[in-house]
Structures are given as structure tokens and as C-alpha cells.
Amino acid sequence: MSQHPSLFRQSDPVADWKAFHPEKIPTKGGRLDKLPALFLKALESLEGSKREETESDEARTNEIYPSKYLQILELGCGCGELASSLQLRGHLVHGIDVNEEAIEAAGALTAKNLNTQQRHTDRSNMVILGKCSFEVADVAAVEITLSEKYDFCILQLLLSVVGGKDRRKATLQNAFDALKPKGGGTLYLSCSGVSNSINPNYEKLYKLDANELVGEYGDHSYYSRDDENRVLYVTHHFTVDELKSLLSEVG
């Protein structure tokens with residue numbers, strides 16, 4: 001079994017996240033109504049576009065197309081709460097996370113959906129349940145191979161905790177590479193922003209850990225700690241210009 005991270009600081013973010021017990025991983029919220037409104041707006045827009053595309057094909061060929069459901073990739077899926085919600089909505093979801101026990105938990109959670117009474121019903125009153133698959137892998141590693149191209153790629157609060165500058169860029173590049181080409185896919189990116197003007201405690205944290213983190217991680221980085229002051233992982237807060245620059249480099 002994984003153990004909670006020790007008092008010692010680890011410079012390897014992969015080791016940090018592998019060490020987490022699944023129950024200790026900060027939750028992203030599994031219910032869609034608990035996520036930012038922008039996420040649901042993006043999802044519903046994609047669903048509407050896919051529905052129109054499929055209904056047009058059905059009208060032309062008089063056949064029912066299963067492709068009205070989105071192919072979704074979630075990088076840093078954790079224990080699969082969000083993937084489970086998307087599965088119940090009828091989509092095909094592939095989740096990747098470096099924590100093996102979290103992936104096991106995600107598989108168990110989404111398997112329970114096979115027995116639930118909640119189902120997504122399409123316009124023909126056909127009962128449809130999406131499918132989920134999961135993979136243990138480092139989201140920033142170049143050796144990740146993605147056999148499918150996706151309609152929707154989700155990085156929900158991942159980029160801020162994935163590691164230093166190079167790992168952030170590699171993770172974002174993997175996300176862009178996974179999307180369907182020629183504008184056929186949508187990236188949802190949620191990051192933590194610089195907070196020193198909102199919460200003065202963050203400014204103190206930035207200064208406290210600056211000597212150790214600024215080089216590799218950049219300004220506005222700090223060690224996230226538990227209630228006993230044990231270091232868990234490194235968190236980075238982005239400025240708007242910094243994020244725009246990173247997106248332009250990979251997109």
C-alpha cells in the first residue's frame with residue numbers, strides 16, 4: 001500500500017504523486033455541477049455539435065450512428081470521479097494518472113456504473129452508458145502513446161502540480177497532440193492563478209520557498225503541506241501572460 005508522503009522534500013513530482021494514497025489525492029469534484037460553469041458550457045457545446053453532426057449523417061443514410069458520444073481524454077484523472085460522471089452522460093472516457101492505486105479505484109468506481117439505474121437516454125429512448133478505460137502513466141512523459149484522437153481533452157487543476165517548467169510544457173504538448181486535428185478537438189485547461197493580491201498567505205508561501213523552487217519551477221511556486229507541515233508536492237500559480245506564452249509554444 002502507498003504511504004502518505006514523509007516529512008522529507010522530494011524533488012521528483014512523479015515520486016510525490018505515486019506516493020499518495022488515493023484517498024489523500026486532492027479531489028477535483030466528480031459532479032459536473034460542482035465544476036466551473038465554463039467546463040459545463042464547453043461540454044454542452046461539444047455535445048450539441050456532435051449531436052447535429054450525427055443527426056445529419058443519420059438523415060442522409062437512415063442509420064443510427066454511435067458517434068454522437070464524445071471521445072474524452074482526462075490527464076491526471078485521479079480516482080475517476082469526473083470520468084464516472086462523464087460515463088453516466090454517455091461518453092467514452094480514457095483516464096491517465098501516475099498513481100496506480102488511484103487508477104485501480106477509478107476502474108472500480110466506473111465499473112459500479114454498470115449496475116446503477118442512472119443512464120443517459122438519447123432522442124430515440126435508447127438506453128446508453130458510456131465506457132471508461134484507464135492507464136497508469138506519467139502525463140508528462142514523451143513515451144505516452146495515444147492511439148486515439150479525442151474530441152475533448154481535460155486538464156482540470158493538473159498543470160499547476162505536474163512539476164517544473166519542462167514538465168508543464170510536455171504535459172500540455174501531450175494534451176494538444178491528443179486532440180483531433182484541424183480544430184476537431186477542444187482542450188479544457190484549468191489552472192491555479194497567482195493569488196498574492198487575493199490571499200496574502202500565498203505571498204508568504206511564495207517567499208518562503210522561493211530559494212529552492214524559483215529556478216526549476218518559476219516565480220509563484222510553493223510547497224503544499226499537510227496539517228502537520230509535511231511537504232506533499234509543489235504547486236505553481238500562473239500569471240495570465242505566463243499561461244498565454246506556454247499555450248503559444250505548444251499550440
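Colleague: Helices (H or I, at least four residues) and strands (E, at least two) are DSSP runs, numbered from the N terminus. Which helix holds Tyr206?

Modeller: Tyr206 sits in helix H6, residues 200-208. This is a predicted model, where local features need pLDDT of at least 70 and side-chain atom pairs count only at pLDDT 80 or more, while totals for chains, interfaces and linings use all residues. Residues are numbered from 1 along each chain as its sequence is written, and side-chain values use heavy atoms, with hydrogens and water left out.

Colleague: Is Tyr206 buried or exposed?

Modeller: Its relative accessibility is 7%, so Tyr206 counts as buried. Buried means under 20% relative accessible area, exposed means over 50%, and partly exposed is in between, with a 1.4 Å probe and protein chains only.

Colleague: New topic, aromatics. How many pairs are there?

Modeller: Rings of Phe, Tyr and Trp (its six-membered ring) pair if their centres lie within 6.5 Å; planes under 30 degrees apart count as stacked, over 60 as edge-to-face and the rest as tilted. By that rule there are eight aromatic pairs. One of them is Phe20 with Tyr233, a tilted pair with 5.9 Å from centre to centre and 50° between the planes.

Colleague: Where do Phe20 and Tyr233 lie?

Modeller: Phe20 is in the loop between helix H1 (13-18) and helix H2 (37-61), and Tyr233 is in strand E9 (residues 231-236), so the pair ties together parts that are 213 residues apart in sequence. Phe20 and Tyr233 are both buried. Together with Trp17, they make up one aromatic cluster.

Colleague: Helix packing next. How do H5 and H8 sit against each other?

Modeller: Helix H5 (residues 165-178) packs on helix H8 (residues 240-250) at an angle of about 55°, and their axes are 9 Å apart. Axes are lines fitted to C-alpha atoms, for helices over the stretch in contact, and angles run from 0 to 180 degrees between N-to-C directions. H5 and H8 are therefore oblique to each other. Under 35 degrees counts as roughly parallel, over 145 as roughly antiparallel, 65 to 115 as roughly perpendicular, and the rest as oblique.

Colleague: Which residues make that contact?

Modeller: From H5 they are Arg168, Lys169, Leu172, Gln173 and Phe176; from H8 they are Glu242, Leu246, Leu247, Glu249 and Val250. Sorted by class, the H5 and H8 contact has five nonpolar, one polar and four charged residues. Ala, Val, Leu, Ile, Met, Phe, Trp, Tyr, Cys and Pro count as nonpolar, Asp, Glu, Lys and Arg as charged, and the others, Gly among them, as polar.

Colleague: Which residues other than glycine have a positive phi?

Modeller: Leu157 is one of them, with phi near 55°. His220 is another, with phi near 65°. Most residues other than glycine have a negative phi.

Colleague: Where are Leu157 and His220 found?

Modeller: Leu157 is in the loop between strand E6 (152-156) and H5. His220 is in the loop between helix H7 (210-217) and strand E8 (221-225). Leu157 is partly exposed at 38% relative accessible area, and His220 is partly exposed at 23%.

Colleague: Last one: what surrounds Val93?

Modeller: Val93 is in strand E2 (residues 92-97) and counts as buried at 4% relative accessibility. Leaving aside neighbours within four places in sequence, the contacts of Val93 include Ile72, Ala83, Leu86 and Cys132.

Conventions
Contact means heavy atoms within 4.5 Å.
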